[in-house]
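Hi everyone, thanks for making time this morning. I'd like to walk you through a structure I've been looking at, so let me put it up on the screen.

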Amino acid sequence: MRAELLPGTLEMLILKALSLAPMHGYAIAQHLRQISDEVLHVEEGSLYPALQRLLAKRWVRAAWRESPTKRRARYYTISVAGRKQLGAQETGFADLISAIARVMSES
C-alpha cells in the first residue's frame, strides 16, 4: 500500500528532518524512509518542489557542499523561522491526529 500524505505534511516532515541536522535532498528522502520503517517513500518529483517552497518561505536555507561520497550536493538547513513554523505545524498535526483517533474509535 502506498502512503499518501496530507497536503503540507511533506513540508512538516522535511522541517523535522532538518531540525536534526543539515541534509542534502537524497539524505532527507532516505531519513524519512528509514525512520518510517519504509512506509514513506518520497520521490524526487515531490521532494525538490517542496524544498523550493520551503526556500521561498525562508523556512530553510541552502548551500552547496561536498557530500560524504565526494560529490557536490545542495545542503539544506532549517532557519529560525522554519523552527517556529515546525512547532506550529507539530501542534496542529497532533490535534488533527487526536481528532481522527476520536472519530475512528467511536462505537
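Let's start with salt bridges: in this predicted model, the count comes to four. I'll talk through some of them. Take Glu-90 and Lys-16, where the closest N and O atoms are 3.3 Å apart. Glu-90 sits in helix H4, which covers residues 80–104, and Lys-16 belongs to helix H1, so this pair ties together parts that lie 74 residues apart in sequence. How accessible are the two partners, Glu-90 and Lys-16? Glu-90 has a relative accessible area of 35%, which makes it partly exposed, and Lys-16, at 39%, also counts as partly exposed.

Another salt bridge joins the side chains of Glu-38 and Arg-33, at 3.8 Å from N to O. Here Glu-38 is partly exposed at 47%, and Arg-33 is partly exposed at 27%.

Then we have Glu-66 with Lys-70, whose side chains meet at 3.8 Å, N to O. Are these two buried or exposed? Glu-66 counts as exposed, with 52% relative accessibility, and Lys-70 is exposed too, at 64%.

Now let's move to the helices, and to H3 in particular. It runs over residues 44–56, so to speak a 13-residue helix, and it reaches 18 Å from its first C-alpha to its last, close to the 18 Å expected at 1.5 Å a residue. Which residues of H3 are buried? They are Leu-47, Ala-50, Leu-51, Leu-54 and Leu-55. Looking down the axis of H3, you find these buried residues within an arc of 140°, so they line one face of the helix. A quick reminder that helps here: an α-helix has 3.6 residues a turn, so residues three or four places apart point the same way. On the other side of H3, Gly-45 and Ala-56 are exposed.

What do the buried residues of H3 pack against? Their partners are helix H1 (9–20), helix H2 (25–35), strand E2 (60–66) and strand E3 (72–78). And just past the end of H3, please notice Arg-58, which takes a positive phi of about 65°.

Let me stay with the H1 and H3 pair for a moment. Their axes come within 10 Å and cross at roughly 75°. An angle from 65 to 115 degrees counts as roughly perpendicular, and H1 and H3 are therefore roughly perpendicular to each other. On the H1 side, the residues that meet H3 are Leu-10, Glu-11, Ile-14 and Leu-15. Across from them, H3 brings Ser-46, Leu-47, Ala-50, Leu-51, Arg-53 and Leu-54.

Finally, H2. Its buried residues are Gly-25, Ile-28, Ala-29, His-31 and Leu-32. Seen down the axis of H2, they fall within an arc of 160°, so they too line one face of their helix. Tyr-26 and Gln-34, on the other side of H2, are exposed. The buried residues of H2 pack against H1, strand E1 (23–24), H3 and E3. After H2 comes Asp-37, and its phi is positive, near 55°.

That's my tour, and I'm happy to go back to any part of it.

Note on methods. Residues are numbered from 1 along each chain as its sequence is written. This is a predicted model: local features need pLDDT of at least 70, side-chain atom pairs count only at pLDDT 80 or more; totals for chains, interfaces and linings use all residues. Side-chain values use heavy atoms; hydrogens and water are left out. Helices (H or I, at least four residues) and strands (E, at least two) are DSSP runs, numbered from the N terminus. The expected span of a helix is 1.5 Å times one less than its number of residues. Buried means under 20% relative accessible area, exposed over 50%, partly exposed in between (1.4 Å probe, protein chains only). The arc is that of the directions from the helix axis to the C-beta atoms. Contact means heavy atoms within 4.5 Å. Axes are lines fitted to C-alpha atoms, for helices over the stretch in contact, and angles run from 0 to 180 degrees between N-to-C directions. Angles under 35 degrees count as roughly parallel, over 145 as roughly antiparallel, 65 to 115 as roughly perpendicular and the rest as oblique.
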